[in-house]
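Hi,

Here is the structure I promised to pass on to you. Have a look at it first, and then read my notes below.

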Amino acid sequence: MGDKKDKTKNKSQKKLVAVSELTTCESTQAMLSKARQDGVDTAFDRAQAMKACPIGAKSACCKHCFMGPCRLNANDPYGKVGVCGATIDTIQSRNFARMVATGTAAHTDHGMEMLKLFRGVVEGRILDYQIQDTEKLFEVADELGIATEGREVLDIADDLCDVLETTYTQLEGEIPFVKRAPAKTQEMWRGEGIVPRGAMREVMELMDRTHMGMDQDHQNLIKQISRTALADGWGGSMVATEIGDILFGTPKPLQAEVNMGVLKEDQVNIIIHGHEPNLFDSMIASVQDPELIAKAEAAGAQGINLVGMCCSGLEMLSRNGIPHAGNFMSTEAVLVTGAVDAMAVDVQCIKQGLAKVAECYGTKLFTTNRRARIEGVVHVEFEDEVPRACTDTVVEMAIKRFAGRSAVVSIPPRKDVGVHGFSHEYINYMLGGTFRGSYTPLNDNIINGRIKGVAGVVGCTNPRVKQDWVHVELVKELIKNNVLVVQTGCSQVAMAKAGLLRPEAASLAGEGLREVCETVGMPPVLGLGACVDNSRILTACTHMVKTGGLGESIADLPVAGAAPEFMSEKAIAIGQYFVASGVYTVFGVTFPIVENTKFHKLMFEELADRGMGKWGFTKDPYEMAAMMIEHIDGRRRALGLDKSRERVLVDMADRRAMEG
Ligand code: SF4
Ligand code: MSK
């Protein structure tokens, strides 16, 4: 690698922490060691070299105008104010607001692009994709009050486009999926004045209200923060998930492989990394093209091996069983294998550092989306009308690189097989009947105490904590205590690598959960897909409320959420929409609010008194599990479920009887 090797060396190479301290993923460990030997820099080592700013980490600084920037003292938060007089509560609530605005913008812009794609398909302008799940189309249309009886599929879809578009563009009124939530949750939102109008309107108003000299009352600002976050969870993200299912198919459980061992030395390896399923879907078509396969064979390859990473990887893993190479903190490390002939990225969570690592190992890196280019990286624009122009080019370039591979190829052999592809629809059938789905058996098993409650463990990996470790330890502790875990995003990949998505993982669960899992043949940890698919968890919670026996609102449910290794502003938006929906939500790594301030008290205590959830924070997975279990136990007590109610586990005969 000659000069290129030296170019990537920086000061971070001087003080190196053992790779076993940085990640529990053995493939990533092996590749980090190799990268260090090769003199190649990764985010793990850069994080060690770059200490987080303690004032910034706590959001105790403001740069919203040029009388500043102003820095307050996180250890003495009321000791001073900004030049304009802004207090710590104003400064940190405005900073928090901007994180929520950015995270919401990311999800809703993605959802808007999905809607544009859907409309193009419906209007016949985009021909490479078709509606694959008409049943879901009918269900969503029905739910939103669109007539379906005796109508053509495309007419219904056309109306659905119009209704869903209001999620983004509407200036007044309520976004369509608000009506999906339990009535009491809706009532609470209306009482608080936080029902979203349209996502664009909410993000704009939130940005306006955080300008210098605008909303300087954190109690008032939290309303717009929550309203904007809800426009993400029950708006942009939910629309993206529903359209994704309609166009590309609602996932159903399937077995798939995860980890770097999915790369194949004798094949052309192509990785897709990002968040948009259309790029991935077209890439599937490209790698199956006989002409391109013949070209790969002519270059000496045994075939073309398509692999996913991060969230679009999870979508295609869930829908098509496409193998997955790893989560966010493994995206640089996988290039160190030397086996990746091309990596094509689209939007979100794409580290700029990939460019240098790719250069070092000869991987062809391509940006494909006009909204997310990287300086110095070849851009092959992906267009929905002619998607194969992009994906075929990427395949051709990958074949070329395979033919001229010069990097040493070293693929960590480990592959972890697990079951992926659960959805809120499938949960109906998993525990319920196959004739008519129902959440009754899930609720029943919660009521009889075999399942204590449900936890959503989601989100990123972050080099400030040992990769995957907090996720895995937390989830093991939860299932040991009979808490059923649902998963999305990079956390799901961590669980797959730890073997917790296999039905055999039921042996690690407490007695009650184990009995349920073994009866049904399901794992104690259910993977629901990409980070945008957290909306599936909201919908599942709604079904639990509507099925009965577990209270009237999401806040009543024995459920909790966590993002133990989060890193992105999208995660903050997700956390806030869960809190505003009624879920106790615990984050790890760090929390951008100074303790013992009024804004902290509002977020960590007072929101719950208004019928919402609240935030929690700890870095320790065992303490995190204890906090979540304590909350779930509290909800069980409030529902009168703390006394043992012995009931026979629902079997097929009971189920049929219940379904009448
Ligand atoms: Fe400082 Fe106030 Fe300007 Fe923020 S808005 S930088 S606190 S003067
Ligand atoms: S990719 S937002 S690192 S989950 Fe969705 Fe993973 Fe977090 Fe990105």
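Ligand 1 sits in the second largest cavity. A cavity here is a set of points, on a 1 Å grid over the protein atoms alone, where a 1.4 Å probe fits but cannot get out, and sitting in it means that more than half of the molecule's atoms lie within 2 Å of its grid points. This is a predicted model, where local features need pLDDT of at least 70, side-chain atom pairs count only at pLDDT 80 or more, and totals for chains, interfaces and linings use all residues. Residues are numbered from 1 along each chain as written, and side-chain values use heavy atoms, without hydrogens and water.

Around ligand 1 there are 13 residues (a heavy atom within 4 Å), and the closest are C62, C65, C70, C84 and R94.

An automatic or database assignment gives domain 1 (88-248), domain 2 (260-403) and domain 3 (419-641). The C-alpha centres of domain 2 and domain 3 are 32 Å apart. Their contact (heavy atoms within 4.5 Å) takes 16 residues from domain 2 and 21 residues from domain 3.

Enjoy exploring!

How values were computed
Chains are lettered from A and ligands numbered from 1 in the order in which they are written. On a 1 Å grid over the protein atoms alone, a cavity is a set of points where a 1.4 Å probe fits but cannot get out, and a pocket is an open set with protein on both sides within 12 Å along at least five of seven lines; lining residues have an atom within 4 Å of a point.
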